[in-house]
Each structure stands twice: as structure tokens, then as C-alpha cells.
Amino acid sequence: MGHLTRRGFVGSAALLAAPAIVRSAFAADTVKLGCLFSSSGTMANIEGRLNHVVRMAADEINGRGGVNGRRIEVLTSDPASDWPLYAQIGRQMLQQERVAALFGCWTSVSRKSVLPVVEQNDGLLFYPLHFEGDENSKNVVYVNSPPASSVLPAVDYLMGPDGVGAKRFFMIGSDYVWPRTINKQLKGYWKSKGIPESAWREEYVPFGFSNFQTLVNQVRSFASQPGGQPIVVLTVVGSSIPDFLREFANQGIAATDVPILGLDMVEADLEGLDTGQLVGHLNCWAYLQAAKGERNQRFLADWAAYVKAKGVPFSADTVIDPMVSAYDSVHLWALAAAKAGSFAVPEVRKAFAGLSFADPSGYTLTMTGENNYVSRGVFIGSVNERRGFDVLWQSPDAPKPVPFSPYG
Amino acid sequence: MSGAVQTGLAASARVRRAPRDPLIAVLVGLCLAAAIGLVLGRPAPYLVNAVGQLAAFAILAVSLDLIWGYLGILSLGHGLFFAIGGYVCAMHLLAHGTVVTGTLPDFVQFMSWKGLPAYWAGLEHAPYALLLALGLAGLVAFLFGLVAFRSRVNGVYFSIISQALVYVAMLLMYRNDTGLGGNNGMTGFPLLFGWPMGSAGAVTGLAVAALLALAAVLAGTRLLVGSALGRRMLACRDDETRLRTLGYATTRLKLQVWCLSAMIAALAGILYVPQVGIINPRVLAPDLSIEIAVWVAIGGMGRLGGAVIGAVLVNALKFWLSAAMPEAWPFLLSGLVLLVVLVLPNGLLDLAGLRLRPTWARGAR
Amino acid sequence: MSALVVDGLTVAFGRFRALDALSLAVDPGEVRAVIGPNGAGKTTLLDVISGITKPVSGRVMLGDRLDLTRISEAAIARAGVRRKFQKPSVFPALTVRENLAIGCGPELAPGLRAERIAAVLGEVGLNPRAAVPAGALAHGEKQWLEIGMVLAAEPRLLLLDEPVAGLSDAETRRTAELIGRLRRPDRAILVIEHDMGFVEAIADKVTVLHEGRTLYEGGMRGAREDARVIEVFLGR
Amino acid sequence: MNRVRAVLAALAMLALPALPAAAAPLERAALAADLCGDAAAQARGAEGVVRAAADASAEDLRAAGHLLAALAERRLACGSAGALLLDRAGAPDGQDALTGATRPAAEARAPVLGLRQRALVETARAAVALLTAESVAARAAGLTTLERRAGAVPDAVLERARDAESDPGLRASIAGAAQAAALSSADPEKRRTAVAAVAAAPSGASLARLRALRGEPAAASDPAFARALDAGIASVERAVRIGDGLAILYNALSFASILFMAAVGLAIIFGLMGVINLAQGEFIMLGAYATWGVQEAFRHVAPGLLDLYLIAAIPVAFGATALVGIAVEALVLRHLYRRPLMSLLATWAVSLFLVNLVRVAVGTQNLQFAMPPYVSGGVPLYADFVVTWNRLFAILFAAATLALTLVVLRRTPLGLDIRAVTQNRDMAACLGLPTRRIDRLAFGLGSGLAGLAGVALCPIYSVNPGMGSGFVIDAFMVVVLGGVGSLAGTLVAALGIGGANVLIEPLSGAVAAKVIVLVGIILFLQRRPEGLFAARRRR
């Protein structure tokens, strides 16, 4: 019985350890990076692209001879939009595959599920999404902007004379941490400006919600109340974004009457839409496909070429902020590793201080020693007829990121 | 329709003779040996953790097989009871952590509440939490079972309604107002009985606990199905009306086993959550509840050991492939299900040559 | 007092009336056969008595006291009513012995069970097959096993739904003898059957059902001569 | 350079204080310069056009219209050599705004309109359209925009339009708009008629406008006006309430029709063979993808007829999904009829397979659909009640599906067989009906109906591989609640569930609505396991 058991146990061990054995064969001259982006499930539509961008960036670096004399090998996975699976695969990549860094997560919940794993294993997770902030782990690099340094400028713009002088706000969000935190901070911000509570309204819908008729009706009646220019602050995510926009347009509400500030709205969300009726609605990110400068032109060209060459199942002419952020992440990591002359997380982390990278957005990303946040520029985009965004406003320089919001 | 057709499982005479078949004994032995192996062998923490999770899934599968394989009730809502266990466990870990570290869970903060909601009171005490988890699962199961069984809801009706139940629960838990972290659920558990989470000690401890629990559950359920009650379960599964006209209150019988199964599922949840370090409404997704049934069907239903084998095999493959061959996994899973459903009516145990069904019974399939 | 009184019983499936204000009474110790063409409502009658179907109106009194239409199948069974189904329904997953053990019902003290089972095994002649799973039995054996299961509880009222359907002549004869042996002063037996010879052999009285109503009640000979009965069975 | 022009233009305006604002000349060069200028200049330019609209010459207005349109659509390129009109955004060259000569747009920049300026430009374009557009429709569209911008337009513009208007209907509505615009004029008579005019076109916005007047001294000082005002407000309030009621009904109906289309196929399959087809949602998805395929085919083969692809897709989607359904039945379910629970797992596996097949083959991104006019936009019907075409399409589609299903079940031999087998399989088999073949065809029919649902959903929801997963449970609740094998039940249940959802949502939020409805159904089924409409059968 005993030996039988032992064998059975070792057997199952071998089964689970198999991928590690397979790979470590040629691991000597390579350094591994792990991806945690779902290519199936609810997030697949937008998240899946990032796997390919990371690969593209790695190829780029390998083309220049790799890092510290090692080729980068990218391991992708499919957490299938199943949050605990992110943690599971993250653990596996750190402990079995010994990846030097993880690049992954879109929703806050997936990040939060991986967070304990990277902290327990002192790993490094590059997180390419703008998010609710109020978090600062030494094991996570927050490559995109926290609200205080991205959302507030956009809201300010809309409230100011160049915008529409917005006085009243209808907040519609998916019911989870990112929208709730954003809205909490916005409310705090408005309070600080002496705007009365009666001037805003807050509604949350479940994930993947699509029947927006009632809500759009409510927006219309909210807009017809007196009290000044209304706007919609939209923090729904995923397929709810196009569904909301479609209903909004079909009910004949124009951006010039009630503009939408879609905080998670990206070029990809317009893919399925006829944007003629949506012209003028706004979003705000640290990168827009319409960003000027030949760095961006080159990036767009590279991506198009990569899609063609590798038969990537995503549109060659759509590029969204998180893609660029993921691309930046790889380069930031490579720069840090090269600067540190090592792949050990503590050294790499030390090397972040004073790091800078000129990315496609046209701004130069910089990191300081105080936290793992990255200074990015801010763009405000305006939907155009061609399912894209025109750059309506962009910040003169890259503001310093504020991890913890002073409001709320 | 008679029970036999309803459950799609014509009786398997071998079931009751199982005490004479070695599978359960072997599995229990395996669990114990694996536990010892983990303690002495000290393999990579990733592997330890994986083994622990597999054990938790196996317990969950056994709980489903108990009512599906032996009572003919296919619940597509067992994720609910798993989640109840998991959530209460997470609440305990957070409450305990709050007491020790003094920092509130983050969802309390972004909902801008002053402190933990009132119903969290006392959850920092492990025994109370354990009681609450099992009790709550039992209670929910009792209420649902009572209405369902009394109005003779069975077969696919029961399955689809139980699925609706878990779906409702998922929608509720996605709401942040529910006070359990909404979509983010709960994570970032600092401590486990004073051990820092994720430390080798905690990981091994949890895995060993899960393995021992699995061994205990296997032994216990085996005794149950071998008993007179077990024979009545089979009778009820194959022809409930017949059993009733012989003077047996089948509603009570079903209710008892249903609640027991729910509590075992809750136990699995309790063991699962501290190992993955997160619980959120995703465990209430209808798909997951169906997957549990898939584990059982693949391993071989109506045979507790089969449930264990199925759960371990499918999840081990899932862990492995979703990292090694992400594209292939869903196809493999669906293929596996179809293969089992069409070719191996008793699951992979058929391959193992352990025929469960004598020739006379196959006609009924 | 009578063992069973059916009083103004009406059962409807949708628009179709399976039983239409049916009434009949069975005395203790009597063997009553209910005959009639298909769709006459014979099986529905047993369904109502054993509680599987609830009537639209009417009562079914057991021993003048207990209205069976108001209680569950299990309660009816515990009141001493047992039914043998038309399609032999035994528990295929269990052995003959286990089937009989369950047949004894939930009340019987475990101590008494063994001898009761032994007695029944002897009565239905399945002793050599005691350890075989019921699913593996031959059709006739299943019939007897089921009769054994319903006997094991020593019922006051025994309902037999076509006990010889599909049996060979020899087996039919054996079954008739068996039913003869089952007669007891304190036990009423209600048999549904097509086989006239069999009915004649066992029944004291017959009730002829047609379209949910009583067409004739009385001796078998009388039934053979009754014009309407002949028309229903042979006519058209 | 531009600056200078702008300044000159500004000076020119200031230099002529004698002229009334309405008589401002429409100087193209200055306008072009303004529109190429900064936000303030753009605003000035647009407002200038509106002011000038009252008496500028038609071709001046047309020219201005072209400039404004170009700016709004980013076809206005501004270079040192002056403004260029491109025929499409980002075109290499375009016509000079003044000379019409073709020049390269190389170093020219295309200004992006800020929201405020965009609103002004819209107003200006609307004014131009109202005065110069060829088609009545275009002029009417212009008017509706101007009405939304109450107060931004000088009365003179509307009056000119009214006098110039040839179409009597439109002239009447312009007159109405002109009256309404006088809401805060000095003449009490005008004001009263204005109130009436505003009240004649009720909406939440007009209600707000009237309510705002209550506070004004005019209302207090002039009792007649106050009375007129209150009457107006009362009537508008009533109208708005009715409009909202209609909106709720419409939402309920459209949601119900979606539920019905998702459920009707299931109802047939489940009623017939007691098989729970968990892949039904994926069949809907396949239907949507088939529709997309048809669209692509039209793009390449007959671009001219592209608008008709949704219609053409109907038979294709039905056929394609029906074939898939029949294949599934033949390969998988056929073997599982006596094991409903296993067939349930099997169909789950099928759905998993289909989703991932599509994911790998086509990709996970939302599909691109051209939206023909008959499914995009909507028309305000009454007060704030807007009939959106895509939902109306779905409703009509559902009605057609219902009719089709009824015809198939009641009027065709297959339908007869299906009903027979549904009611009593054994008896039907005894009567020699080929129940297996009937099962297969019925399963095909059920799947095909799901495919139809897919067509109807394309204009409403985003189409991606995961789109089907949301439907299964709702659809099954409909089937179970309605009662197995009862089309009427399915219809009633769909209406009930859809209505309940829509009614509860405004009160307690979308999630709570869903939860309440589902729990209600579960409890109801405890009372009546056989559902609303199922005939009681013998056990």
C-alpha cells in the first residue's frame, strides 16, 4: 500500500510539474516573463489583445539582443476571466516557471486576487490599467494612472469654460470597486467645490448588463431638470459600454445635449458601433490612438505588421491604451533589469527610481523611488465618425501620479 | 417517468457491494499517505497548494455524487453551498485579521462604511464561524429542499431551478450593498491561526487539513451509502413512487441527504478559500456549478471514488493546461464530457475496467 | 362494516373524466376483481386508492374511519394498504432480500424483520434467489418478488394491478394459488385483471367498469350473462 | 496669418455698430479664418452665421454650411495658405474654401471641435439647413435641432424661414417654434401664445422651461399670463406622464419579445423531448454570426443592397442554426433521450465547444454591423417617449416568429406530429409515427428559432462569442414558468417576466429587479410545478 501510494502521489506531482520540466530544457539562456490576460470568458474581447502586445515588445527587445545577454521568453496563459484562476496561474508562474515578472490583469478584482500571490512570493506584477488607486504594493507596478491624475483633469475640463461648464452629473457604473471608488472620489471632489448633493445621481448595473432603456430614459428626465448643463460619467465596463452607447444614440440624445465621459471607453468599444450619432462623447486615458508624433505612428505600424505576420485574431488598426501600457511595461522592466544588471526582483525594484521611457503616447514615462507608480500624460478624446477618438485636449506634461486620492 | 429514467442512471447493483471493492480504501489511503508525503517530503509550495485545492474540489464532488449518484437528484446549484462555506470562512479570516492588525477590509473602505456590518459580529472566533458556515448551508438547503421536494419538483426541473437559485445568489453577491465585497469579493487575508498566509507552514497545514477532511468525508459517506438508509436512497432514486407506496416518507429521506450534501459542499468551500486567498461571486456562476456535475460524470457517478477521481483529474488538467496550452483546454474539456456521456456511461472507471453495471441494467440506458 | 368504501369518486385529466362519480364497497376477507376494457379507469381507481392521484371529488374510506384521499401515499401505506403495480416495480439495485426488507415498511421492529423476510421468501418461493439483485430476475420472479414486497407488511387491503399480465399459464396458475393463500378474514383484496379465467378462479365478486362508471357488480357468472357487459367486451 | 484675419474680421464687426446684429454680413474669408482659429474664434464664427442667417444670401449660407459641416466632420484643414475643404477626413488634398482650387493639405492641421463649439456649430448648421436645404426632411431636421436650442436663434431667422417655407406642414411647425421662442418677450400677448405653443409640444424640457417662468415677476404681475402658464404646465405634466407610461410599456414589450425569441425554441425542444438544451444561447450566437456572414457577403457581392442584409439573413440564420441543431441531435442527443440529465451535460459541453470554436475561428471582439436606417435611431412619438427602431424591429420580429411557429405547429404535418409526440410519445409511437425523425426535425426547428433570435439581437446587443451565455437561464425561467410544451404559456411568461423586470427596475435597480423576478418564479413553481399553462397529465 505504502509504495503504491507514494507512486500515485509522485505521479500526480509529475503531472502538475510537467510544464516546468518541458520548458526548463532551454531555460538556461532565456529569462521568462509571464502574462495573465484572459483570452476567453467575459474579458476576452479586450483583455486578450494584451498577450500579443507583450510578445511584440519582447520580440522587439530580443531583436536588440535581449536583456543582460538573455533572450526574453514570454509565457502566456488563459485565466478565462475566472479570478481565482489568475491567482492560481500567477502562483504557478512564479513558483514553477520562475518568471522574472508578471504582466497582467484588467479588472481590479483580478489584480486583487493576484496581489497576495506576488506579495507572498515577492514577485513583480506590471498592471497596465488605469484603476481606482488607493493601493500601493511594492510588488505591483501601476503603469497606468490613478484617478486623481487622470479622471479629475477630464472632469475639470468638462466643468470649465472650454468644456461645457458641466453643473450636474449622472454617474452610471458597473457595480464593483473601480466605479464605486471613482464616483466616491468624484463626489468628494465636487463637495470640495461646493456643488450640492442634489446636483448628482448615482446608478449601478450588474456586470454584462445590456438593457439600458430604462436608465437612458432616466438620464433624459435628469437632463431636462433645471440647474445647469448635465453630463453622464460612465464607468460601466466590458460589453455594457457599446450597449449603453447604442441605446443612448438610438434615443436621440446628442453629445451636445448630454455628453458622456466614458472613463473605461476605448477605441475597441466602438468597434461594433455606428458612431455617427455618438460624435463628441468623451473619454480620458494616458494614450489615444490619435496621439500625434512619429513614435505613435511607428507603434501603430509595428502592431499592424505584427498582426499580419502572426495572424493575431484582433483588428490590426485598433490600438487601445492598455495595449500601449502593456508594451511600456515590458520596456520599463527591461530598462530596470538592464540598469540593475540582474533579474532579481529587489534589484530590479531598486532600479525603478529615476527610470524614464519615451512611449508611443508622445510623453516620456518616468518613475520615482517613492512608489511604483508611473507618470503618464493625460488625453481627453472625442468620439469621431470613424470609430475612433480625436484628441480634444492633452496635458502639457506628465503629471506626477497621486496614489491616494485626497478626496473621499 | 420512473426514477430510473429520470436520473438516467439505471441501478448499479455493485454500489451496495462497494465495501468489498477496494477503490474507497485505496483513495483514503492515498489521502493519508499524500498528507504524510506533504509533511515529510516538503515539495514546492505551489505543488502543495495545488494538491490541497484538488482535495477541496474532490470533497465538493463527493457531496454532489451523494445526491446525484445515490438519490438521483442533480443539483446544478451546489456552487451555492460551496460559496456559503467559502464566504463565511473568508469573513472569519478578515474579521480575525481586523482584530489582529486593526485595519478594515478594503471593500468596507470604498463603500465608505465606518466598520464591519453588524452580522459580522463574533466571526473572528473560528468555532463559531465553522458552525455558522455549516449551519447556514444546512438551513438554506433545508428551506429550498423543503419547498422543492414537497411539491415533487424533480428531474431536470429540479436541476434548472437549482441553477436559477445559484444564479440569483450570484446576482445578489455582485451587489456591493450586500456587504460582502461585491464583485471583488474578499481577499488579502493576513493570517491563519496566527500563521502569516502563504507561509510554507500555512500552505502545508491547509493542504493536509483538506486531505484529511477528504479521507474523513469519503469514509463517512461510504458508511452512509452502505447502511440501510443508503439502500433506501437507491430505492428512492430508482422508483420513488414505489418507495412511497411502501410507506416511506421519501421527502424526509431526500431532505436529510440533501442537507448533508450541502454541508459537505460548505466544508469544501471552507477548505478552498484560504488556499486560493480569494472568494468572490464567480464561484456562484452557473457554469461552475455545472462543472461540478461534469467532474462527477467524468469520474463515474454513483461511485464516490469516481467523483474524487473526476474532480482531481479535471482540475489538475485545468491548472496545467490553462497555463501550458491555454487554447486547447476548453476543447479538451468539452470533448472529455461528450466522450464520457456517449461512450463511457460510468465515466473513466469504465476504462479502469471496473464495470459498475451488469448487462441486464444497460438496457435501461 | 366494509374494508373499503369508494364513494362518488371523480377523477379528470384535462377534459377527460377517467372516473365519473364511481362508488363501490369491498368487505373484509373479500377478493374483489375489477374488470373492464382499456381506459375504463381501472388503474386510475388504484392510483386514487394508493394516493398517487388525487380526485376532483369523492372519498375513499378505509375501514369507515380513514379518508385516503386526504393523506399521502406513505400514510396510506402505513395504514395497511399495499399495491402491486401492473409493470412489476421492484428496486433493481437491491437484492431480493433487501427489496423484501424495504417491503416490511418503516415501522416494523428490526428484530422481527429477519423472520418476516424468511417467511415471505418461502411464500413466494424465491429462497434460492435471495442474494440476487432484483434487476437480474426473470419477469415472473419479479412479479412474485413484488407480491412478496407488498405481503411483507401484512396489509389489510391488497391492491393487485394485473398480477398475471404476461405470465405463462403455469405461472398464472401458481399466482392464482398464491392469491388463494393470501385470503384472510381481516384482509380485503382488490384485483384488476383482463384474464377472465383467472378472475373466475380467484374472485368472490366482480365489478365491471366502463368509461369511469360501474356497469355491473355481482358474481362472475352474472357478468358473463349481462347484456351490457357483453356489448362492452365483445360488441361493436 | 489666421490670427490677423480673425482680428480684422472682429474689427470689421465692431466697426459697424449702427447695423442691427441680425444684419451682420457673412464674409466667407473671415468665417473660414474664425473656424480655423481657437475655441473663441470658432464660437464667434458659428454665432456669426446664426446671426447673419436672417438676411444673408442663400449661396453665402450654403458656403457657410459647407465650411461648418467640414469643421464638424474634421474635413476642414487649416494651413498657412487658408482653409481647405477635404472630401474625407485625412485626405491628402482638398478645395480651397474661398477659391475652390485644389491644393495639397500636407502641413495643414484639422481642428477638433470642443463640445461647446460643437453645439454652436450644430445650431448654425441647423439654421443654414432650415433656410437653404433642398429636401423638406433636411429642413425639418434643422428645425428640430433649433427647437432644442431654444433662445439661441434670433426670431428673425425663424420668421424668414417661415415666410420662405413652401411645405405647409413644415411652415406651421416653424411658426409654432417662432411663437414658442417668444416665451420671454415683452409683449404679454406674444408670451401667452408662446406658452400655448410650448405646451403644444410637450416634453420634460418644455416642462422645465415653463416651470422656470413661474418664478419670474411677469407671472406674478400678469394674472392672465399666470393662468395660461399654470394651464400649460398642467397639460405638459399630464402629457409627460403619459409619455413615460408609454415608454415603460414599450421597454417591457421589447424586453419581453427578446425573452420570447430566446425561449420559444427551448419551449418546443423541452416540451417535446424533455431535453434541456444548455447550448440554446450559443445557437442564438451562431444566428448572429450567420447574420454577420450574410452582411460580409453583401459587402463584397452587392454593396448596393447592403441595407437589406438583415432581411436576407433571416432564412440563412434559421437554416444554418437548424442544421447545426440537427447535427447535434444526430451526433449526441439521439443517444441520450432516456438520460435527460446526461443530455443536459452534453449540451453544456456543446455550448462550451461552440463558444470556443467561434472564439478561435473569428476572434473575441465585437462584430462590426452596418446599421440600416430601419434599425438605427428612433422617432420621438409623444412627449419624451421615443420609439427606437432596433427595438421595434425586435418586437415585430418576435411577433413574426410567434406567427411562424404557430403556423408550423398548427398547419403543417410536422407540427401535428410534434404536438402528438409532445402529448403522448408512446401512443404516437404505437400509431407508427417516426418519433425519432420528428425529434430530430423538431430539434432543428427549435435551434433555427434560436438562430432567428440571433438575427433580431444584432441591432440591439454587442455580438461576440460570449453573447449567448446570458440568455439560457432567463429563457428557461420563461419556459418553466409558462409550462412545458405550451406556446401560449411561453408567450405569457415572457410578457410577464419582461414586464416585471422593467417595472421593478426603476424602483430597486437592475440587479434587485432580476433577483426579485427569479425568486418569484421559483416560489411560484413550488405552488405549480407544471407551470402556468401545461395540461395536467396522468402520471
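This is a predicted model: local features need pLDDT of at least 70, side-chain atom pairs count only at pLDDT 80 or more; totals for chains, interfaces and linings use all residues.
Residues are numbered from 1 along each chain as its sequence is written, chains are lettered from A and ligands numbered from 1 in the order in which they are written.

Back to the helix pair in chain D. Helix H13 covers residues 280-301 and helix H14 residues 309-331; their axes come within 8 Å and cross at roughly 135 degrees. Such axes are lines fitted to C-alpha atoms, for helices over the stretch in contact, with angles from 0 to 180 degrees between N-to-C directions. Helices themselves are DSSP runs (H or I, at least four residues), numbered from the N terminus, and strands are E runs of at least two. H13(D) and H14(D) are therefore oblique to each other; under 35 degrees would count as roughly parallel, over 145 as roughly antiparallel and 65 to 115 as roughly perpendicular, with the rest oblique.

Among the residues that meet here are Phe283(D) and Phe298(D) from H13(D), and Tyr309(D) and Val324(D) from H14(D). Contact requires C-beta atoms, placed from the backbone, to lie within 7 Å.

Chains A and B also touch: the contact takes 48 residues from chain A and 40 residues from chain B. On the chain A side, H1(A) gives the most, with 12 residues.

In chain C, domain 1 (1-80 + 156-166 + 185-236) and domain 2 (88-154) are set apart by an automatic or database domain assignment. Their C-alpha centres lie 26 Å apart, and the contact takes 5 residues from domain 1 and 6 residues from domain 2.

| H13(D) with H14(D) | 13 residues | 5 residues | no residues |

Ala, Val, Leu, Ile, Met, Phe, Trp, Tyr, Cys and Pro count as nonpolar, Asp, Glu, Lys and Arg as charged, and the others, Gly among them, as polar.

Finally, Leu23(B) sits in helix H3 (residues 23-41) of chain B. With 20 C-beta neighbours inside 10 Å, Leu23(B) counts as buried (20 or more is buried, 12 or fewer exposed, in between partly exposed). Leu23(B) and Gly305(B) are 282 residues apart in sequence, yet 6.3 Å apart in space, C-alpha to C-alpha.

Key:
Two residues are in contact if their C-beta atoms, placed from the backbone, lie within 7 Å.
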